[in-house]
Amino acid sequence: MQTGVYILQCGNGRYYTGSTDNVTRRFSEHASGLVKSTRNLLPVRLVFFQKCQSLTHARTLEYKIKKKKSRIYIERLIENKELNFLATLN
């Protein structure tokens with residue numbers, strides 16, 4: 001299992017950010033329409049995943065990403081392929 005924070009690109013082009021203790025299972029739930037928040041946004045595509053030491057850490061990072069509320073920040077994060085980029089966002 002891989003614990004971490006992930007970003008999905010939804011069928012409407014928007015991004016969904018989440019955290020999990022099992023990215024394979026969680027993506028499958030999203031892709032199958034089992035997650036209420038993305039059910040009407042299918043198909044979904046996993047565009048970013050960053051492994052974390054704990055679910056607590058992953059949820060903290062998820063919160064920081066969501067707090068930015070900016071597509072530009074998410075796209076830069078995906079482009080840079082690592083959460084270390086968050087340190088520059090303040």
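1. Contact here means heavy atoms within 4.5 Å. The model is predicted. Leaving aside neighbours within four places in sequence, Q9 is in contact with R14, Y15, P43, V44, R45, V47 and R71.

2. Q9 sits in strand β1. Is Q9 buried or exposed? Its relative accessibility is 17%, and the limit for buried is under 20%, so Q9 counts as buried. One of its contacts is polar: the side chain of Q9 meets the side chain of R45 at 2.5 Å.

3. The sheet is open and has three strands, ordered β2-β1-β3 with antiparallel pairing. β2 (15-20) and β3 (45-51) are the edge strands; each has a single partner strand, so one side of each has no neighbour in the sheet. On average, neighbouring strands are turned by 20 degrees against each other, direction ignored.

4. β1 and β3 run antiparallel and are joined by six bridges. Y6 has F49 in β3 as its bridge partner.

5. Two helices lie across strands of the sheet. Helix α1 (residues 23-31) lies across β1, β2 and β3, at about 140 degrees to β2. Helix α2 lies across β1 and β2, at about 160 degrees to β2.

6. Which residues make up the largest nonpolar core? There are ten: V5, I7, F48, C52, A58, L61, I65, I74, L77 and I78. The elements giving two or more residues to this core are β1 (4-9), α2 (55-68) and α3 (71-80). Another core, of five residues, lies apart from it and includes Y6, L8, C10 and V44.

Technical notes:
Residues numbered from 1 in each chain as written. Predicted model: local features only at pLDDT ≥ 70, side-chain atom pairs only at ≥ 80, totals over all residues. Heavy atoms only, no water. Core = buried A, V, L, I, M, F, W, Y, C linked by side-chain atoms within 4.5 Å. Buried < 20%, exposed > 50% of the residue type's maximum accessible area, 1.4 Å probe, protein only. Helix = DSSP H or I, 4+ residues; strand = E, 2+ residues; numbered from the N terminus. Polar contact = N/O pair within 3.5 Å; in protein donor to acceptor, adjacent residues only side chain to side chain. Pairing = 2+ DSSP bridges. Axes fitted to C-alpha atoms, helices over the stretch in contact; angles between N-to-C directions.
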